[in-house]
Amino acid sequence: MRPHQGLVKISISTLDNGGLWAHAGRVMIGTLTAAELLRYSRHLLLPAVGEAGQLRLKHASVLVIGVGALGSPAALYLAAAGVGRLGLVDADVVDASNLQRQILHGDAWVGKPKLESAAARLRELNPLVRVELHRERFNPDNALAIAGGYDLLVDGSDNFPTRFLTNDSAFFLRKAVVYGAIHRFEGQTGVFAPHLGGPCYRCLIDQLPAPGTVPSCQEAGVLGALPGIIGSIQAMEALKLLLGIGTVPLGRLTVYDALGSGFRSIQLNRDAQCRLCGDHPGIRGVANAETTAPVPCDFSPHPMQSITTTELRTLLAGDFHGLLIDVREPAEHAIARIEGARLIPLQTLPEVLGSLPKDREIYVHCKAGMRSAKAARLLLERGFTRVTNVAGGLDAWLKDLER
Ligand SMILES: [Zn+2]
C-alpha cells in the first residue's frame, strides 16, 4: 500500500480534458454580489479559493444521485459552499426509519417525497443556489440525459444497479464520479474518472453479487453518523474538483473504520480486463441489462489488497496463519510452486468456496497476477473480506530468488 501513489495533482487543464470547465474556461466570469461576498467570506480568505474560486463554484453544477444517507450531507455542504446548480435525483418517499441518518429530512416530511424535503431544506440553507429536481428513478433511459447536464456526479445511491449506472453514465459522458459507500461501521470513498487516467467502479467490482449473498439494507444496518463522514468527504472531493485545487485521489480508495477510529488508503488500479474501461470493453452503453436487474441492497465491497512477493516471503517466514492459494493449473503447479500453497485452479474455485475459511487471511497467487486478481475479486464478491492478491505471481517470486 503506497498512500500517495495514484494521486493526480488537480489543475484546470486536467479538468479541461474532462470537460469540467468547458463552460467557464480559466477566466473569471462576473463578480460576486455583496450578499455572496459576505456569505462566502471564509472561502474568500483562502488564497486557493478566493473570489475566482467562488465564481467557479457559482458557475458549476453537481448532480447528487440519491438524497438519502450519503446524498444528505453531500448536498448540504455543496449547497452551503455555493455550488451554483445542484441537481437531485430520487423517487423515494421519506420513511421514519430514514431519519436516524438521512439528515436532509425532518420528522414533518415522513410520507412525503424526499426530493421535496431536500429542496425545501437546501433552499432554506442557501437560497442563492439553484436546486433542480429530477423526480424519477435514475434509470438507463434517463441517465445520460440527466447526468449530461452537470459537471460532475456524486454517487449517493445505496444499491448496485444505480452504482453501475452512475459509473457507466459518467464513463460515457467523460465525467468524474465521487463515490461513497457505507456498511455498518465502515465507509469507503474515492473518485472514479477513467478519462483522467484512473479506474472506474467496475474495476473495483464488476459483477452484481448473486441475490442472497449480500445483506439487504434492513439486515445490514449502519451507525447514524457514518454517512455524515463519508458524504462530507464526497462533498469535499467534489469541491476540490470544481475548484481545481489539491489532488484527485484517482486509483485510491479511502476506507474509514468507525470502530477502529481510523482511515486507511487502498490502492485501486485500473483493471485492463474491466468490461467498461478496460482494453477490450464489452459494455457499449448504459442500457446494459445488468444494470436493470433486481438485486439486493448495496454493501460496500471490500477492496482487493495486494502485496509484493517480497512481502509474502517475509510473511511466510514468520508466524503465518493465513491460507495461500495457487489458482494456476495442476500442470503449472507441478513444475514450480511456492511451498505451502494450496492448489485450487481458478475454474474450480467457485465450487470450493464453501470449504474456505472466512476468518483467515487468504492470499492468492498465479503466474503473473492476473488470474489471481480475478480469484481475489470472486472471493470478495462472495463475502470473503480478508483477501490479498500476490502481485506479480510466481514469476515475481522466482525473480526475487535470482537476486
Ligand atoms: Zn473500469
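At 28% relative accessibility, Glu 361 counts as partly exposed. In this predicted model, the side chain of Glu 361 meets that of Arg 386 in a salt bridge, 3.0 Å from N to O. The pair links distant parts of the chain, 25 residues apart. Arg 386 sits in the loop between H15 and E15, and Glu 361 in the loop between helix H14 (349-352) and E14. Arg 386 is also partly exposed, at 35% relative accessibility.

The whole structure holds 16 salt bridges. One of them pairs Glu 332 with Arg 371, with the closest N and O atoms 2.9 Å apart. Glu 332 belongs to helix H13 (residues 330-335) and Arg 371 to helix H15 (residues 370-381), so this pair ties together parts 39 residues apart in sequence. Arg 328 and Asp 326 form another, at 2.8 Å between the closest N and O atoms. Both Arg 328 and Asp 326 are buried.

The zinc ion has four protein donors: the SG atoms of Cys 200, Cys 203, Cys 274 and Cys 277, lying 2.3 Å from it. Angles among the donor atoms run from 93 to 121°, and the site is tetrahedral. Along the chain, the donors follow the spacing C-x2-C-x70-C-x2-C. Cys 200 lies in the loop between strand E7 and helix H9, and Cys 277 in the loop between strands E10 and E11, so the pair ties together parts 77 residues apart in sequence. Cys 200 and Cys 277 are buried.

Helix H16 (residues 393-402) buries Gly 393, Leu 394, Ala 396, Trp 397 and Asp 400. These residues fall within an arc of 160° seen down the axis, so they line one face of the helix. Their cover includes helix H12, strand E14 and strand E15. On the other side of H16, Lys 399 and Glu 402 are exposed.

Methods
Residues are numbered from 1 along each chain as its sequence is written. This is a predicted model: local features need pLDDT of at least 70, side-chain atom pairs count only at pLDDT 80 or more; totals for chains, interfaces and linings use all residues. Side-chain values use heavy atoms; hydrogens and water are left out. Donors are N, O and S atoms within 2.8 Å of the metal (3.2 Å for Na, K and Ca); water is not among the atoms, so sites may look incomplete. Four donors count as tetrahedral if all angles lie between 85 and 135 degrees; four count as square planar and six as octahedral if opposite donors are over 155 degrees apart and all others between 65 and 115; anything else is irregular. Helices (H or I, at least four residues) and strands (E, at least two) are DSSP runs, numbered from the N terminus. Buried means under 20% relative accessible area, exposed over 50%, partly exposed in between (1.4 Å probe, protein chains only). The arc is that of the directions from the helix axis to the C-beta atoms. Contact means heavy atoms within 4.5 Å. A salt bridge is a side-chain nitrogen of Lys or Arg within 4 Å of a carboxyl oxygen of Asp or Glu.
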